[in-house]
Amino acid sequence: METSTNGWELSLSYRDRIGSDFSYSVTGMMFDYLTKITKYNNPTKLLTNPYAGQTQGQIWGFITDGLIQTQDKVNEINSKGIQKAISGQVWKTGDVLYTDLNGDGFVTYGANTADDPGDRTIIGNTTPRYQFGLTLTAKWKGFDFSMFWQGTAKRDLALSGNMFWGFSSAVQGSIFPGHLNYYRDVEADTYKGLGINTDAYFPRPYTDANMNNKNQIVQSRYLQNGAYARLKNMQIGYTLPASVLKKAKMQQLYLYLSGENLVTLTKLPEHFDPETANVGVRGNGKSYFSQQALTLGLNLKF
């Protein structure tokens, strides 16, 4: 495989002093890149493999038209086989309604190629875009302060597994608070006791993985915003003045409190770490979070 990558990088710094005691600095950097595949032995451009002309990280998926709300729509889908290519299972209210992009009356995968993707289209890209870092520092008399933020301004993620969906199969299920926002009609309300919810975010859940698969394929409705900003480090410290150190017969005494990964700004579900959520095109959330840590330190020099 041969690729071509183009990008740019920008770095800016500003330092200033106010009076004789206070100084500060601001340093920001940002970079961006995209990689295109220029050569790969895939002449038919099968979507299961890279192909020449493809931008790396592309996410091909279906466009979602909400959840099926009426029995009439269910009957039409089942009787005409409109979404049979997605799943041969019986479709019900609360299942995902996919958009027929090419207007042929059916929702299909086509030939599974870039030239004939059926009713799929490029809905996003997993490449982290506009990655940035921001460092702030300040000093006043014996005190010093610094913080470092890093993040990604644009990224798309198609998450998978029970950590995202909640209900994947009889053997893999998670019940986080957000997972309870799933479709429940009158019938479901009679035995779940959770109330009717036909305006839900998640589709009707099943204990059968094959039934869930029809709703959990890559699609626009559940594409996630992977942008984030994280406070990687913040530190405050104090250096004793020379007059005090001389009396104590020390050359230096520096006391500091430092924190790692203290704040994360993200729109991902709370159990997904934006730095590690993605593996390939789809991420299942089964990865270690960046660990928070607080450190109290003392540096002495005699």
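This is a predicted model: local features need pLDDT of at least 70, side-chain atom pairs count only at pLDDT 80 or more; totals for chains, interfaces and linings use all residues.

## Stop 1: a side chain in a loop

Select asparagine 42 and proline 50: a polar atom of the asparagine 42 side chain lies 2.9 Å from the backbone oxygen of proline 50. A polar contact is a pair of N or O atoms within 3.5 Å; within protein, one must be able to donate a hydrogen and the other to accept it, and residues adjacent in sequence count only if both atoms are side-chain atoms.

Residues are numbered from 1 along each chain as its sequence is written, and side-chain values use heavy atoms, with hydrogens and water left out.

Where does asparagine 42 sit? Its place is the loop between strand 2 (22-39) and strand 3 (58-62). Helices (H or I, at least four residues) and strands (E, at least two) are DSSP runs, numbered from the N terminus. Asparagine 42 is buried, at 7% relative accessible area. Buried means under 20%, exposed over 50%, and partly exposed in between (1.4 Å probe, protein chains only). Leaving aside neighbours within four places in sequence, asparagine 42 is in contact (heavy atoms within 4.5 Å) with Asn49, Pro50 and Tyr51.

## Stop 2

Strands pair if DSSP finds at least two bridges between them.

Strand 8 (residues 143-154) meets strand 11 (residues 228-239) over ten bridges. Within that pair, glycine 151 has alanine 229 as its bridge partner. Eleven bridges then join strand 11 to strand 12 (residues 252-266). Look for tyrosine 238 opposite leucine 255. Leucine 255 also has a bridge partner in strand 14, leucine 298. Strands 12 and 14 share nine bridges.

Is methionine 234 buried or partly exposed? It counts as partly exposed, at 27% relative accessibility. Beyond four places in sequence, methionine 234 is in contact with residues including Phe145, Met147, Leu257 and Leu262. Leucine 136 is 98 residues away along the chain, yet its C-alpha atom is 9.4 Å from that of methionine 234.

## Stop 2: the nonpolar cores

Select Ile86, Tyr98, Leu159, Phe164, Tyr222 and Phe272. These have the most contacts inside the largest nonpolar core, which has 26 residues. A nonpolar core is a set of buried Ala, Val, Leu, Ile, Met, Phe, Trp, Tyr and Cys residues joined through side-chain atoms within 4.5 Å. Helix 1 (71-80), strand 5 (96-98), strand 9 (156-159) and helix 2 (162-165) each give two or more residues to this core. Another core, of five residues, lies apart from it; Ile59, Ile123, Ala158 and Leu223 are among them.

Centre on tyrosine 222. Among the residues it touches are Leu67, Val96, Phe164, Trp165 and Pro203.

## Stop 3: the whole chain

Zoom out. The chain has five helices and 14 strands. Its C-alpha trace spans about 90 × 55 × 35 Å along the principal axes. Of the 302 residues, 40% count as buried.
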